[in-house]
Amino acid sequence: MARDLARFAEENSIKYFMISFTDLFGGQRAKLVPARAIADMQEDGAGFAGFATWLDLTPAHPDMLAVPDPDAAIILPWNKEIAWVPGNCVMENKDVEQAPRNVLRKLIAEAAEEGMHIKTGIEAEFFLLTPAGDQISDEFDTAAKPCYDQQAFMRRLDVIREISDYMLELGWGAYQNDHEDANGQWEMNWDFDDALATADKHSFFKFMTKCVAEKHGYRATFMPKPVEGLTGNGCHAHISVWDAPGKDAKTNVFAMEANDSSQTAELGLSEKGRHFLGGIMKHASALAAITNPTVNSYKRINAPRTTSGATWAPNTVTWTGNNRTHMVRVPGPGRFELRLPDGAVNPYLLQAIIIAAGLSGVRSKADPGKRHDIDMYAEGHKVRGAPKLPLNMLDALREYDKDKGLKAAMGEEFSAAYLKMKMQEWNDFCGHFSDWEKANTLDI
């Protein structure tokens, strides 16, 4: 039985609920609802004008209602009188099919019908910048190889520790935090979970990190490539499939099976895991439209060598064992890591596109192709026949538009809305005049 939010408020001295949803561009939208009104909101939802957000709706559409998911409510650790709760978008008593959380819920249900319950963990990377966002917040963080820098960590300990303390308080199973490969960059990790729970936590983590950073006088950004020449923000996803959701899960469906002599079994990945991986590889170029959703995203996955010596981002559709220079690595038995997504990825669409591509692979018994164990940064030119990832957002959108199966799996209404609005964004970008144009063509 679902949690009663009015009783939850009374038991926890909550005065307000922040009913939130995420739009197509990953923007987090919310209404602040006094606890006295939450019973009605739990039943009917909080009203929004969908056109006022990044959804393909018009001013003439009726109210869009965000109906809170009560069991996903999170009390803000830094302000315990407020609870954040993700909402499912509804219009005229029907799910809004283009709303990202609804897209994910639909795919989770489809996978469950086939006995597959997807669990994921993500590695969220972000920069701490000055409030204007124009430079790294720590002027002394200048090392050529700053990854794991102990002193730089201590200079931002208050921020990172506060966020980690909150995750521990929330029971997420936070287990490590580090200064990442770029100056001013951080990564924080928590336990893997069912796909919807991971998406909700991912969404809340971004909100929480920005709030804590602002409290300390900094600006947190998940922008894929906020600083030229430095490693960008990835959002690697670790993927496994189980026989049941939540704590009922007993068997990892991706774990190696007996008498399987394939390359994936050699790494501890079952035949079903191999087919799921095959779906990811088959749809990779189209996946990028979702996993790498901004113009800036392609400054990360197609970047030249960074000051630290490596971009840590893929640019070719290849997979491997425990080797971080490929798009997918299989670091251990029963799971694999998708290294394509970046920090701008929509938390709900990330999980949805993984499930859509993986289900496609399982259903068609897709083969992931040959495993490559080389250093792709040094020897990638030796690989023949592996597709290159899109060079820019337009190429990615065109690849997604061509992938009829993936579009259908994500939902035709969602796909049409997403492509329409992202093409508008691309056209807006193309209308922007840059300093580069003047520097290179003023005197021609």
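**Exercise 1. Burial of helix H9**

Determine how many of the residues of helix H9 (residues 284-291) are buried, and explain why the helix is largely enclosed.

*Solution.* Step 1: apply the criterion, in which buried means under 20% relative accessible area, exposed over 50%, and partly exposed in between, with a 1.4 Å probe and protein chains only. Helices (H or I, at least four residues) and strands (E, at least two) are DSSP runs, numbered from the N terminus.

The model is predicted: local features need pLDDT of at least 70 and side-chain atom pairs count only at pLDDT 80 or more, while totals for chains, interfaces and linings use all residues. Residues are numbered from 1 along each chain as its sequence is written, and side-chain values use heavy atoms, with hydrogens and water left out.

**Exercise 2. The surroundings of Leu 389**

Locate Leu 389, classify it as buried or exposed, and state which residues it touches.

*Solution.* Step 1: Leu 389 lies in the loop between helix H12 (376-379) and helix H13 (393-402). Step 2: its relative accessibility is 2%, so Leu 389 counts as buried. Step 3: with contact taken as heavy atoms within 4.5 Å, and residues up to four places away in sequence not counted, Leu 389 touches Ala 284, Ile 301, Pro 314, Asn 315, Thr 316, Val 317, Met 327 and Leu 340.

**Exercise 3. Packing of H3 against H6 and H11**

Describe how helix H3 (residues 100-113) crosses helix H6 (residues 195-215), and then how H3 crosses H11.

*Solution.* Step 1: axes are lines fitted to C-alpha atoms, for helices over the stretch in contact, and angles run from 0 to 180 degrees between N-to-C directions. Angles under 35 degrees count as roughly parallel, over 145 as roughly antiparallel, 65 to 115 as roughly perpendicular and the rest as oblique. A crossing is left-handed if the near helix is turned anticlockwise from the far one by less than a right angle, and right-handed if clockwise.

Step 1: the axes of H3 and H6 come within 10 Å and cross at roughly 160°. H3 is therefore roughly antiparallel to H6, and their crossing is right-handed. Arg 101, Leu 104, Arg 105 and Ile 108 of H3 meet Ala 195, Leu 196, Ala 199 and Asp 200 of H6. By class, this contact has 5 nonpolar, no polar and 3 charged residues, where Ala, Val, Leu, Ile, Met, Phe, Trp, Tyr, Cys and Pro count as nonpolar, Asp, Glu, Lys and Arg as charged, and the others, Gly among them, as polar.

Step 2: the axes of H3 and H11 come within 8 Å and cross at roughly 30°. H3 is therefore roughly parallel to H11, and the crossing is left-handed. The contact residues include Leu 104 and Ile 108 of H3 and Ile 355 and Leu 359 of H11. By class, the contact of H3 with H11 has 12 nonpolar, 1 polar and 3 charged residues.

**Exercise 4. Positive phi values**

State the phi of Tyr 148 and of Lys 365, and place each residue in the structure.

*Solution.* Step 1: most residues other than glycine have a negative phi. Step 2: Tyr 148 has a positive phi, near 65°; it lies in the loop between strand S8 (117-129) and helix H4 (150-155) and counts as exposed at 62% relative accessibility. Step 3: Lys 365 has a positive phi, near 55°; it lies in the loop between H11 and H12 and counts as exposed at 59% relative accessibility.
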